[in-house]
Amino acid sequence: MDVKTTFLNGELEKEVYMNQPQGFIMPGNENKMCKLIKSLYELKQAPTQWHQKFDEVVFSNGYLLNQANKCVYSKFNKTGKGVIICLYVDDMLVFGTDQVQVDMTKEFLSSRFSMKDMGEANVILGIMIKHESNGIAISQSHYIKKLLKKLNYFNCTPVSTPIDTSEKLMPNNGQVVSQLEYFRVIGCLMYAVTCTRPAIAFVVGKLGRYTSNPVLEGYIDASWISNTKDNSSTTSWVILLGEGVIFWASKKQTCITGSTMESEFMALAAVGKKAK
């Protein structure tokens, strides 16, 4: 089932104002603002308000929230009959022990929200649902084929194992090559892993270790004998990893140096150890 105008169902907890929409500006009140009484699309809090509204509705009807997945709700009676609702933003799957339970749930949801009945589920979120004689099977074969075509690997040779054990992966310390494409491949494969393809979990995790190659950078300076009373130089440094500062300090050098160059070498040696 699909919820129509999903984010318009949320209730606002704080006062929110907006400019009058173009084409609906009231003559003589051009400088006034509109105060929202309901949630609206493009509000930052709209998704949260919608989920709170949905929770309120189903909880009041006796549904229980699955503690392992906050988007799964269930309701069963003492005889074991009942339904499970899986919500994904505005799309939902309704599973039931029999058709009567499913129909009752659909009627209940339609009475509280504007709903569209999509019929028996066959594909949702890239997952194909097949009804077989001994149960329900899920597959992502069409998702995998679409992915192979998109990445121009559709004519690749199939293999029986997900990784070539003789292939040794090494970090790329040179020029970045096709990094965005590599990101896309790993991301798409991760979705397949979490849904229907646990057999490739190891290789995707291993490949995922090479999605980035952050560069370690360090900046160092030394001030030679800034204080004549103790004849000590000062070393200051900052170390960055992937453009983010991770370590910094400004300290007196532990040895007395005889020149500016010597104090610079002392600073380089000390900070080199820190970077290592």
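The exercises that follow concern a predicted model.

**Exercise 1. Overall form**

Task: Determine how many helices and strands there are in the protein, and decide whether the protein is more spread out or more compact than the globule rule gives.

Solution. 
Step 1. The protein has six helices and 14 strands.
Step 2. Its radius of gyration is 30 Å, whereas the globule rule gives 19 Å for 276 residues. The value for the protein is well over that of the rule, and therefore the protein is more spread out than a compact globule.
Step 3. Along the principal axes, the C-alpha atoms fill a box of roughly 90 × 70 × 45 Å.
Step 4. A residue counts as buried if its relative accessible area is under 20%. Of the 276 residues, 24% count as buried.

**Exercise 2. The annotated region**

Task: State which feature UniProt places at residues 1-163, and describe the chain over these residues.

Solution. 
Step 1. The UniProt record, an unreviewed entry, gives the feature "domain: Reverse transcriptase Ty1/copia-type" for residues 1-163.

**Exercise 3. A sheet of three strands**

Task: Give the order of the strands in the open sheet that contains β10, and explain why one side of β9 and of β11 is left without a neighbour in the sheet.

Solution. 
Step 1. Strands of a sheet pair through backbone hydrogen bonds, and the pairing is either parallel or antiparallel.
Step 2. The three strands of this open sheet follow the order β9-β10-β11, with antiparallel pairing.
Step 3. β9 (123-124) and β11 stand at the edges, and each has a single partner strand; therefore one side of each has no neighbour in the sheet.
Step 4. Five bridges join β10 (residues 127-132) to β11 (residues 135-139) in the antiparallel sense. Met-128 has Ser-139 in β11 as its bridge partner, and Lys-130 stands opposite Ala-137 in β11.
Step 5. β10 and β11 form a hairpin, with two residues between the strands.

**Exercise 4. Positive phi in residues other than glycine**

Task: Locate Thr-5 and Leu-125, and classify each by its relative accessibility.

Solution. 
Step 1. Thr-5 is not a glycine, yet its phi is positive, near 40°. Thr-5 lies in the loop between β1 (2-3) and β2 (17-18).
Step 2. Leu-125, likewise not a glycine, has a positive phi of about 55°. Leu-125 is placed in the loop between β9 and β10.
Step 3. The partly exposed class lies between the buried limit of 20% and the exposed limit of 50%. Thr-5 has 46% relative accessibility and therefore counts as partly exposed. Leu-125, at 38%, also counts as partly exposed.

**Exercise 5. The largest pocket**

Task: Describe the volume of the largest pocket and the residues that line it.

Solution. 
Step 1. The volume of the largest pocket is about 1200 Å³.
Step 2. The lining consists of 28 residues; Leu-148, Cys-156, Val-159, Pro-162 and Leu-189 lie nearest the centre of the pocket.
Step 3. Helices α3 (141-150), α4 (179-195) and α5 (201-208) each supply at least two residues of the lining. α4 gives the most, with four residues.
Step 4. Sorted by class, the lining has 19 nonpolar, four polar and five charged residues.

Notes
Residues numbered from 1 in each chain as written. Predicted model: local features only at pLDDT ≥ 70, side-chain atom pairs only at ≥ 80, totals over all residues. Heavy atoms only, no water. Pairing = 2+ DSSP bridges. 1 Å grid on protein atoms, 1.4 Å probe; cavity = no way out; pocket = protein on both sides within 12 Å on 5 of 7 lines; lining within 4 Å. Points joined across faces, edges and corners; volume = space filled by probe spheres on them. Nonpolar A, V, L, I, M, F, W, Y, C, P; charged D, E, K, R; others polar. UniProt positions renumbered as here; feature names shortened; annotations may be inferred. Rg over C-alpha atoms; globule rule 2.2 N^0.38 Å. Buried < 20%, exposed > 50% of the residue type's maximum accessible area, 1.4 Å probe, protein only.
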